[in-house]
Amino acid sequence: MPELAEVEFFRRRWAAGHRGRVRSVRVHPRARVFREADPARIAHALMGARLAGSEAAAKQMLFRFTGGAIGRGRSGWLGVHLGMSGELLVAPADQAPARHDHLVLVQDRRALVFRDPRMFGRIRFDVGAKPPQWWTAIAPAILSDHFTVEAVGDFLRRHARSPIKAVLLRQERFPGIGNWMADEVLWRAALHPARRSGSLRPAEVRALHRECRWVCREALARNGGRGRPLPPDLNVNLPRSWLFWHRWEDGGTCPRSGRPLARAEIGGRTTCWSPARQRLR
DNA sequence: CCAATTGTTATTTA
DNA sequence: ATAAATAACAATTG
């Protein structure tokens, strides 16, 4: 489920526990989400620690913990990737973990729950003075100054024979873009998802760059980006004018042209587009 | 039983 | 050697 703005939405949920101490940690130690971390070590380190802050980048989140068994001048860095079906929840402190709640951090007033039925998600953990390499290696954000038209053009040229849809899903240049956001961007840029990346003209590259930034900015704002109230549910504030609401409907129509939408597998993922707006070559 | 799912990564193919 | 395509991972639902 979670792409850029959705990840920020879930981070904000756990932010309810900022400044709170972890009183106990519950884990499903054999769960696949711990394939890159030692759940016993996480539980030991976080016991008594305080949630000091958090950030989101691309499809990942970083939660910083201090105190407890973590030494002075150091922090415990908890990395969360929600995969396909993961989510973060806030529950009453005494609520028993459900079947797919693989990591639960119990504070005095609430429990912070990581739930992931499909377990494509991932938990990572490190202790140190600075954020770990797996966090700092995330590509610079689409809304940062590093995401330029030139960088996009170079990247498309490097993957010239790949369909544009597949290239938009690559996190090393389009961090946080997932399947629905890629379709949304291509629809707004009026680019057919099967177009070879190397075939885009300069004006089309500029449109792609512009719509990437627009979709990221709007989706973040409407899902409670920093300084804005958190909506009650994920994506409820996206208008019906977005492709998002129509792409999975059977017999769905393009919110701009009213013409039928098409669906096919492109670049290995189910893709939705509006043939009336998005033409091949 | 079959197909589908908003993600990533290792392996195979070109 | 590099890039593109495919398989695999797991659980659930229709």
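I began with Arg256, which is partly exposed at a relative accessible area of 47%; here buried means under 20%, exposed over 50% and partly exposed in between, with a 1.4 Å probe and protein chains only. The model is predicted, so I kept in mind that local features need pLDDT of at least 70 and side-chain atom pairs pLDDT 80 or more, while totals for chains, interfaces and linings use all residues. Residues are numbered from 1 along each chain as its sequence is written, chains are lettered from A and ligands numbered from 1 in the order written, and side-chain values use heavy atoms, without hydrogens or water.

I placed Arg256 in the loop between α7 (202-222) and β9 (262-266), where helices (H or I, at least four residues) and strands (E, at least two) are DSSP runs numbered from the N terminus. Leaving aside residues up to four places away in sequence, I found that Arg256 touches Trp187, Arg188 and Arg277, contact being heavy atoms within 4.5 Å. Arg256 also lies over the face of Trp187, at 4.8 Å from the ring centre, and the charged end of Arg188 sits over the ring of Trp242, 4.8 Å from its centre. For this I required NZ of Lys or CZ of Arg within 6 Å of the ring centre and within 35 degrees of the ring normal.

Next I looked up the aromatic pairs, of which the structure holds eight. The rings of Phe9 and Phe10 have centres 5.4 Å apart and planes at 75 degrees, so this pair is edge-to-face. Rings of Phe, Tyr and Trp (its six-membered ring) pair if their centres lie within 6.5 Å, with planes under 30 degrees apart counted as stacked, over 60 as edge-to-face and the rest as tilted. Phe155 and Phe174 are also an edge-to-face pair, at 5.9 Å centre to centre and 80 degrees between the planes. Phe155 is in helix α4 (residues 149-158) and Phe174 in the loop between α5 (164-168) and α6 (179-188), so the pair ties together parts that are 19 residues apart in sequence. Both Phe155 and Phe174 are buried. I noted as well a cluster in which ring pairs link Trp180, Trp214, Trp242, Phe244 and Trp245.

I then turned to DNA strand C, which 13 residues surround, the closest being Arg99, His100, Pro117, Arg118 and His159; a residue is near the strand if one of its heavy atoms lies within 4 Å of it. From Pro117, a backbone N or O atom lies 3.5 Å from a sugar or linking oxygen of DNA strand C.

Ala58, in the loop between β2 (50-57) and β3, has a positive phi near 55 degrees and is buried, with a relative accessible area of 13%. Met119, in the loop between β7 (111-115) and β8, has a positive phi near 60 degrees and counts as partly exposed at 24% relative accessibility.

Notes
Polar contact = N/O pair within 3.5 Å; in protein donor to acceptor, adjacent residues only side chain to side chain.
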